[in-house]
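The sequence and the model are shown first, and the account follows.

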Amino acid sequence: MSTHVVSDTRTLLGRSLRHILRSPDTIITTAITPIAMLLLFVYVFGAAIDSGDGTYVNYLLPGILLITVASGIAYTSYRLFLDLQGGIFERFLSMPIARSAALWGHVLTSLVANAISVVLVVLVALLMGFRSGAGILAWLGVAGILVLFTLALTWLAVIAGLAAKSPDGAGGFAYPIIFLPFVSSAFVPTEGMPGPVRWFAQNQPVTSIVDTLRGLLAEQAVGDDAWIALAWCVGLLVLAHALAMRAYRRRFA
């Protein structure tokens, strides 16, 4: 990014963040569903699920964090759709600002809002008994993977926001993404799943990402899972960014 792009992006990021500060219920709503799932699975189903060594909340938290992000990016698509419908983008593009700054403002706002939601979920997990002896490097690794995952899904949200015809369509694309952790190692080990389901669970991106986060937090070796998780996150990020920018240029050519 040039200095011009950075300054324009910073200005539009400030605009989007002010909207969130005026309506903090967005972040609260994003965090409520994952927190409710955390409470439900730990206190209702946790005693019946064999997650191996350690407490179930420790096993469950990585998957809940991914669901938190998947829930949050629906609002990014929705906010982008509203800006497009309101003609804000046309006004921006008539001004001497970088064309990509308007999108980056939404993307970085998503990163900040989702980070806050993730912190809220982790605080609730700590109250429920979550504990980790992971060092600073492991926590930085967890944060880095969550940032990449958030950016990848946010650029997918940008595509949905650009293509949506209604507010429901803008936010509805996130539902299949929220469903993916349920067919992964997020809630239960994949070994007990039926053959075809187990194969899908073990070879979809959520499982490798969840296993990597879980290993880092448990101070365990993550092995190839980390490289697979990074490959999924980076690959999806690059592809989604390219498709989003292509759709943006076509719409405002």
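Asp211 is partly exposed, because its relative accessible area is 24%; buried means under 20% relative accessible area, exposed over 50%, and partly exposed in between (1.4 Å probe, protein chains only). The model is predicted, so local features need pLDDT of at least 70 and side-chain atom pairs count only at pLDDT 80 or more, while totals for chains, interfaces and linings use all residues. Residues are numbered from 1 along each chain as its sequence is written, and side-chain values use heavy atoms, with hydrogens and water left out.

Asp211 forms a salt bridge with Arg214, and the closest N and O atoms are 3.2 Å apart. A salt bridge here is a side-chain nitrogen of Lys or Arg within 4 Å of a carboxyl oxygen of Asp or Glu. Side chains of opposite charge can pair when their charged atoms come close. Arg214 is buried, since its relative accessible area is 12%. Both residues lie in helix α10 (residues 205-217), three residues apart, which is about one turn of the helix. The structure holds one salt bridge.

## The chain as a whole

The secondary structure comes to eleven helices and zero strands. Helices (H or I, at least four residues) and strands (E, at least two) are DSSP runs, numbered from the N terminus.

Along the principal axes, the C-alpha atoms fill a box of roughly 60 × 35 × 35 Å.

Buried residues make up 49% of the 253 residues. The chain exposes about 12400 Å², and carbon and sulfur atoms supply 68% of this area. Accessible areas come from the Shrake-Rupley method with a 1.4 Å probe; for residues, only the protein chains shown count as cover. Of the contacts with a separation of 6 or more, 82% are between residues 24 or more positions apart. Contact means heavy atoms within 4.5 Å.

Helix α5 covers residues 101-127. Its 27 residues should span 39 Å at 1.5 Å a residue, and its end C-alpha atoms are 39 Å apart, which agrees. The expected span of a helix is 1.5 Å times one less than its number of residues. After α5 comes Gly129, with a positive phi near 115°.

Val112, Ile116, Val119, Leu120, Leu123 and Leu126 make a nonpolar surface patch of about 450 Å². Patches are made of residues with over 30% relative accessible area and no salt bridge: like charges are joined within 9 Å, nonpolar side chains (Val, Leu, Ile, Met, Phe, Trp, Tyr) within 5 Å. Leu120 is partly exposed, with a relative accessible area of 33%.

Leu111 is also found in α5. Its C-alpha atom is 8.9 Å from that of Ile73, a residue 38 positions away along the chain.

| Residue | Relative accessible area | Contacts |
|---|---|---|
| Leu111 | 22% | Val147, Thr150 and Leu151 |
| Phe92 | 13% | Leu12, Arg15, Ile97 and Ala102 |
| Thr190 | 6% | Ser184, Ser185, Arg198, Ala201 and Gln202 |

Phe92 belongs to helix α4 (residues 88-93). The C-alpha atoms of Phe92 and Ala152, 60 residues apart along the chain, are separated by 25 Å. Thr190 sits in the loop between α8 (174-179) and α9 (195-203), and counts as buried.

## From α10 to α11

Which residue in the loop between α10 and α11 is described here? Glu219 has its place in that loop. Its phi is near 60°, a positive value in a residue other than glycine. Most residues other than glycine have a negative phi, and most peptide bonds are trans. Glu219 counts as exposed because its relative accessibility is 57%.

Helix α11 (residues 224-251) has 28 residues and reaches 40 Å from its first C-alpha to its last, close to the expected 40 Å. Ala226, Ala229, Cys233, Leu237, Ala240, Ala244, Met245 and Tyr248 are buried in this helix.
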